[in-house]
Structures are given as C-alpha cells and as structure tokens.
Amino acid sequence: MKKTEEFKERFGFVKAYEGYDALLADPEIEAVYIPLPNNIHSEWVIKALNAGKHVLCEKPIAMNETELRKMFAAAKKNDRILAEAFAYLHSPYIEDLKEVINSGEIGEIDYIDTAFLTQDYSEDFRLHKELGGGGIYDIGCYCTSMILTLVDSEIEYIKADAELDKTGVDHMASVLLKFKNGVRASFNAGMMLGVDTCDRYDRLFIHGSKGYIRSDVEYNEEGGLEFTVTVKDEEGNRIESKRKINSDSNYRLEIERFSRAVRGEIKPLITEEFSIKNMRLLDRILDASLYTESRKEFILDNGVVIPAVGYGSFLATEGGETDTIKAALDAGYRYIDTAKFYNNEDAIGCAIAESGIPREELFLCSKVWPADLGSEWTLKSFEESCAKLKTTYLDMYLIHWPKEDPKDPDWFSKVAESWKVMEDLYLEGRIRAIGLSNFLPHHIKPLLDVARIRPMVDQLELHVGYMQEYALAYLRREGILPQAWSPLGRARVLNDERVSVLADKYKVTNAQLLLRYLIQRGIPVIPKASSKERMLENKDIFGFKISEEDISYLSCLPEFGYSGEHPDF
C-alpha cells in the first residue's frame, strides 16, 4: 500500500486501492483497465463486469477463444462494454495505411509480411506458457491483428513453426497464412534480440497488383511516422512517395475512444467479432506449430467447441440397455459419439432424457452409414438419428466410411451427394459441424474440389502403433481436425510392456498414458469403457505431461495394434 500511495501522489491520482477487489467495490469507478500478465485476464475481467464496470483489457485479451467467449458473455449479461486494448490500431498511421489501400493506389493486395521481434528476457512472465507468454501470443498478436485489419477474408490454411527456449516457451515463431480470397500473409514474432535490452525490430510490407508499401514503424510508435508507397508507371518505372503522419500517443487515443464509448457516443474500435477472430487465429497457430499445452476442448473455425475427451458408444448398449450411457453421463462425459451402425441411438436418447441434462450442455455426434450415401437416404438417415436421439439437431454429423463396396466406381458421386445434403443441413442450423470418418487424403482431395463447406473433422483409427502420419500431416495442412477412434488400440497396445514401463514412470495407467499421448499431439479422443471406474480414469489425463523424448519414443514404435479395417477395402 505504501508503493501505491507513492504512485498516487507522484502522478496526481485521486484514490489508491489495496488490491483489485477494493477498486471494484468502489461505486464511483465506472471503468477499469486490466493489465498484464495474460493469464489473469479472464478472472478479473469477469469479476469487473459482474461488479458493473466497463472493461478495457490488455492484449491478448484471453488465453484462448473459450475464455474469451465467456468474458463477452459476462459483458452482455451485465450490459457493460468489454474491449481489447490494441493501442496501435487507434493510430492515424493505421488509418493512412488503409486509406492508401482502399484508394486502389497499389491495386489489389496479394501478400502481406510483418514482424515484431523484441529482446530476450532473463526473467519475465513472457518466459512462461502458463502465464500467456511467448512470441506467438504476447507479440505475435500484434502481427495477426495487423493482418486481419487489412484482409477481410476467411483463412484457408495455416503453416507455422516455433523455436522453443529452455523454459518451453516459443522464443521465435514463423507463420504463413493463406486466405480464401487468395491473399497470402507471413509474419515472424519472438524474443531473440539480446538479453534484457531495449532492442526490437518491426516491419510491414504490403504488396499489391500495382505497387507496394514498406514501413519500419514500430508497433505502438508515436510522433512523426513515415511509410513509403511504390508504384509503377506505364513504362514499368518505380515511383516512390513518402507518407508522413504525426501521431499523438496511441494509448491516449485508445483511452479517449474507450471513454467516449462508455458515455455511449461511439462504439469501441476493437469489436467482439474482431477479438474472437484474432484469438481463434492465435489458437490455430499454436496448434499448427505444436506449441500448446494439452487442450480440454478444441474449437473449430466456426466457433463450435468439441470436448477433447468424448465417450465412444460402440457396443456400449447391448440389448438396448441405457445403464452404460447413464454411467458415462454421471462420470461427467458431455460428448457422446454414436452412429446409425452402432444401433444404439434409441438407448442414448432415452439415457439423456432420463438424465435431465440440458440439451445445450451435450455434444452429440452421429454418422451416416455408407449404404445410406446419396441425397435421399442421407437426409432420411439424419432425420432418423435425430428422432432416436430425441433432438432437433446434431452437434456433429459425419460420413462414416467413404464407400460401401471397394469396387464401386460411383463411390465419390454418392459421397458428394451426401455432402451436399449435410452442407444444406449445416446452413439450416440442423448440424453444428460436419465432417468425415475413415477418409484418407485421396478420399478427401476430390471432395475439397466440389465442397461449398470444407470438412471440419476427420475421425481416424489413431493410437500408439498406428498413427497414420501422412494422413495426419495432410489434415493439418488442410485445417481439418483429426480425431482418434480406438485411441487405446485394443488389448495388444493397452497391455504392451513398452507402454507399461512409461506409464509406471509417470505413475498413471496405461490407458491414461495412451490417451494423454494423443491429446498432447493435438488430437481429441473418443475412448470406450464399460465401467464407471474406467470412464473416470480415461477423463483424468490432464494432471501430467509426457516429455518430448517419450512422445518421440511412442511415435517411433513399429506398427502394431492395427484393426485391419482399411477405408478402401
């Protein structure tokens, strides 16, 4: 409190508070600013909103999209403003850049490159992933927000790689993006310039069909700023012009804009839609660079949340009994995976109805069997699944296998017809996510050529001893989330001595080790279990972490435990 009082006197503040709780309890306070570190944002933003305060929160506003959506839900509930603090976006420098682009002076944008590199820290919160540190989140968020400010299109794919420092945080990251409108973008972000210095390197290059813009202005720089516009005349000669802007403090401009928004005069510059779009991009970059702590849920491009651990219901309801499904729901599973072929949708629907769990808290996935491929039968199969599950919509619907007969020359036309029906149901809101099951790259490629909506998920047999690495790499490139069925690989894998040795090392069961391995590789799982004890065990996989060396060892084991069920045969 002594330091706080000294700060108050030095800068002429009216009040000083012993902690955030005291500040939020003051009825005279209308709005608060939530600063760093990043991992405190969600907790204190929601507390402030619930206390009736408007909130300006430092970037990146949350640790992931799930947190962010909860924060904006709290803002709506309390009828308060929540805005992300990207001060640099308030600069007239940004407005001048956009003015040049919108004027058509450099033509249509086809490529953007930017960078933000700053010093290496010997000891700082930015060195810890659990505090939201690292180049991608804490610094790369500037680069992603700049790119998204200049490009209004959905992302087609992401390629990313990261260099990790001794603490495990990304020290340097390189990212390549391609947008559906054809624009490509790249950026570098990281902390690799000296140690505890003030060194930094920023750049921006915007290439268009008629010319380009170059700038070395630092993110958040103020005062006299300058960028160069280069265009070509009819003879192909390059003509350069300098654009000069004088900018007041970006932070002052940001606070003034937020204050006017609190008064109801204007809207915040950084909207909820923009923050979610940026956060989703950051999440996807972390996944693409394989730099992420294990997720308890995965978020698709359309915002649909898929729990990381679901319950696989194949053979779980023999004789139509509902006890096993009830046990899974009691154990906390909210994702139930089924299919028409499992012949248990009736039992699952009854178990859910008897559980009293609200439908919106559940994630239900079913699948159309290959014998039902084609327009008419797929629609009929979907309606039957909904009726049996006692629901008006499905959270996810998949094509179970690409073909019924390996010799069927018309298999793809049937798949394409079914996919069109699923796209229509998705657009009508009857399905929240559409995808595939047991489709390999040569099955998916022709579908991507005709699809209006790209597959969001592909369920594959994936487990230690059978990881289908080529298919996995392909799905990553195409932005399709891989999901593992048979993640325990049957008894041969589950009881393997090599797995047992590592499980003993981490003081977990073999099943927990196998499931954790997949989760750490960014793959959600749908294990089966008949006893409640095993169900609970399969969910309890987030309290330990497998080392990189052991992930490598498990990944490099020779093939074993394969079911023998190949999609083409």
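This is a predicted model: local features need pLDDT of at least 70, side-chain atom pairs count only at pLDDT 80 or more; totals for chains, interfaces and linings use all residues.

Student: What's the order of strands in the open sheet of eight?

Tutor: The order is β5-β6-β7-β4-β8-β9-β10-β11, and the pairing is mixed. At the edges stand β5 (155-164) and β11 (238-247); each has a single partner strand, so one side of each has no neighbour in the sheet. On average, neighbouring strands here are turned by 15° against each other, ignoring direction.

Student: And which helix lies across β4, β6, β7 and β8?

Tutor: That's α6, residues 135-150, and it runs at about 150° to β7.

Student: How do β9 and β10 run, parallel or antiparallel?

Tutor: They run antiparallel, joined by four bridges. R214 stands opposite T228 in β10.

Student: Switching topic: where does H171 sit?

Tutor: H171 is in strand β6, which covers residues 170-179.

Student: Buried or exposed, and why?

Tutor: Buried, because its relative accessibility is 10%, and buried means under 20%.

Student: What does its side chain make a polar contact with?

Tutor: The side chain of D120, at 3.1 Å. H171 also touches other residues, including E163, L164 and M191.

Student: OK, what about the open sheet of seven strands, how is it paired?

Tutor: The pairing is parallel, in the order β14-β15-β16-β17-β18-β19-β20. Its edge strands are β14 (311-312) and β20 (481-485), each pairing on one side only. Helix α12 (residues 411-427) packs on this sheet, touching β17 and β18.

Methods: Residues are numbered from 1 along each chain as its sequence is written. Side-chain values use heavy atoms; hydrogens and water are left out. Helices (H or I, at least four residues) and strands (E, at least two) are DSSP runs, numbered from the N terminus. Buried means under 20% relative accessible area, exposed over 50%, partly exposed in between (1.4 Å probe, protein chains only). A polar contact is a pair of N or O atoms within 3.5 Å; within protein, one must be able to donate a hydrogen and the other to accept it, and residues adjacent in sequence count only if both atoms are side-chain atoms. Contact means heavy atoms within 4.5 Å. Two strands pair if DSSP finds at least two bridges between them. Axes are lines fitted to C-alpha atoms, for helices over the stretch in contact, and angles run from 0 to 180 degrees between N-to-C directions. Lists of a residue's contacts leave out its neighbours within four places in sequence.
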